[in-house]
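I opened my notebook for a walk through this model, and these are the entries I kept. Please have a look at the structure alongside them.

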Amino acid sequence: MSDPSQPQQPAGPTGQPMPPAGVPMDPAYGGQPVAPMAAPPKKSKAGKIILIVLAVVLVLCLGGAVATYFLVRDTVGEVVQASQTRLVTPDTLVGRPLSTDPEFTSLAEEVATGLKTDVPESSSTIGAFYGDIEQEDLIMIAGASGIIADPDQELADATNGDAMGFGMTNVTDVDAGPKGGSARCGDADLEGIPGGVCVWTSRGALVMYVFYFSTGEEAAAELVSIRDAVEQTS
């Protein structure tokens with residue numbers, strides 16, 4: 001039995017009490033269907049990728065890698081070879097096609113443009129994505145060519161701790177291949193995405209690439225092939 005001291009709610013079309021003021025009406029009362037609450041948007045994988053790319057470009061631009069002078073100990077041969085180094089963007093990279101995703105294409109163009117602007121002494125730059133993020137198979141590569149004053153110091157700076165805004169762990173020296181220079185690879189936590197990061201330096205170029213959804217060991221296994229594909233001597 002209802003309490004006569006309590007105010008009664010008016011009845012709806014079905015004879016059931018109407019909901020209190022401010023409460024959405026159920027279709028049973030003749031009102032419009034109540035839309036379910038939308039889940040808060042999750043941070044997209046692409047959004048995380050963008051943050052990582054910005055960090056990588058910052059390292060390459062602020063490293064001061066490309067110099068307009070030669071150290072005294074440089075040999076003529078080193079200088080000539082370094083000055084002839086150029087970076088190119090192949091259609092495929094270790095079996096992965098150049099990404100045509102509009103978001104990544106635009107971002108790659110920004111990377112290349114940013115490097116050209118911030119490292120004006122460079123003779124060439126690269127900024128590109130390969131693979132498919134939906135398949136969790138994606139590579140990002142960025143770099144610049146020119147005369148590198150101190151390749152070993154550039155390598156140390158680029159792979160030292162949180163230089164890129166994310167900690168690299170298990171960093172090891174790896175074979176830079178027949179073109180010479182030095183290289184290091186390591187594991188990284190890329191905004192919650194596991195990845196492998198590799199950097200190679202020589203008198204003529206500084207290049208960094210990231211294997212998303214991967215490890216430093218897997219990234220290192222492809223270093224020589226990737227370098228052969230993107231670094232050329234004119």
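**Entry 1: a buried charged pair**

I started with E231 and R227, and both are buried. For burial I used relative accessible area: buried is under 20%, exposed is over 50%, and partly exposed falls in between (1.4 Å probe, protein chains only). E231 and R227 form a salt bridge, with the closest N and O atoms 3.1 Å apart. My cut-off for a salt bridge was a side-chain nitrogen of Lys or Arg within 4 Å of a carboxyl oxygen of Asp or Glu.

Two notes on the source before I go on. This is a predicted model, so I kept in mind that local features need pLDDT of at least 70 and side-chain atom pairs count only at pLDDT 80 or more, while totals for chains, interfaces and linings use all residues. Residues are numbered from 1 along each chain as its sequence is written, and side-chain values use heavy atoms, with hydrogens and water left out.

**Entry 2: the other salt bridges I looked up**

How many salt bridges does the rule give? I noted 4.

One of them joins the side chains of R96 and D137, at 2.6 Å from N to O. R96 sits in strand β3 (residues 96-97) and D137 in strand β5, so this pair ties together parts that are 41 residues apart in sequence. Helices (H or I, at least four residues) and strands (E, at least two) are DSSP runs, numbered from the N terminus. I then checked how covered the two partners are. R96 counts as buried because its relative accessibility is 17%. D137, at 30%, counts as partly exposed.

Next I turned to R184 and D173, which form a salt bridge with 2.8 Å between the closest N and O atoms. This pair links distant parts of the chain, with R184 in strand β7 and D173 in strand β6, 11 residues apart. R184 is partly exposed at a relative accessible area of 26%, whereas D173 is exposed at 59%.

**Entry 3: nonpolar cores**

Which residues have the most contacts inside the largest nonpolar core? They are F129 and Y212, in a core of 23 residues. A nonpolar core here is a set of buried Ala, Val, Leu, Ile, Met, Phe, Trp, Tyr and Cys residues joined through side-chain atoms within 4.5 Å. I listed the elements that give two or more residues to this core: α3 (102-118), β5 (137-145), α4 (151-158), β7 (182-190), β8 (193-201) and β9. The largest share, 5 residues, comes from α3. Apart from this core lies another of 20 residues, including I126, Y130, I139 and I141. As background, nonpolar side chains tend to be buried together in soluble globular proteins.

**Entry 4: pairs apart in sequence**

I stayed with Y212 for a moment. G196 and Y212 are 16 residues apart in sequence, and their C-alpha atoms are 6.6 Å apart in space. G196 lies in strand β8 and is buried, with a relative accessible area of 0%.

Then I followed S202, which is in the loop between β8 and β9. S202 is buried at a relative accessible area of 9%. I noted two partners for S202. S182 is 20 residues away in sequence and 6.5 Å away in space, C-alpha to C-alpha. G180 is 22 residues away in sequence, with a C-alpha to C-alpha distance of 6.8 Å. G180 lies in the loop between β6 and β7 and is partly exposed, with a relative accessible area of 24%.

**Entry 5: backbone angles**

Where does N170 lie? I found N170 in strand β6 (residues 168-174). N170 has a positive phi of about 55° although it is not a glycine, and N170 is exposed at a relative accessible area of 57%.

F213 is not a glycine either, and has a positive phi of about 60°. I placed F213 in the loop between β9 (205-212) and α5 (216-220).

**Entry 6: a charged patch**

My last stop was the surface, where D101, E103, D132 and E134 gather in a patch of negative charge. Patches are made of residues with over 30% relative accessible area and no salt bridge, with like charges joined within 9 Å and nonpolar side chains (Val, Leu, Ile, Met, Phe, Trp, Tyr) within 5 Å. Asp and Glu count as negative, Lys and Arg as positive, and His and the chain ends are not counted. D132 counts as partly exposed, at 34% relative accessibility.

Notes:
Accessible areas come from the Shrake-Rupley method with a 1.4 Å probe; for residues, only the protein chains shown count as cover. The place of a charge is taken as NZ of Lys, CZ of Arg, CG of Asp or CD of Glu.
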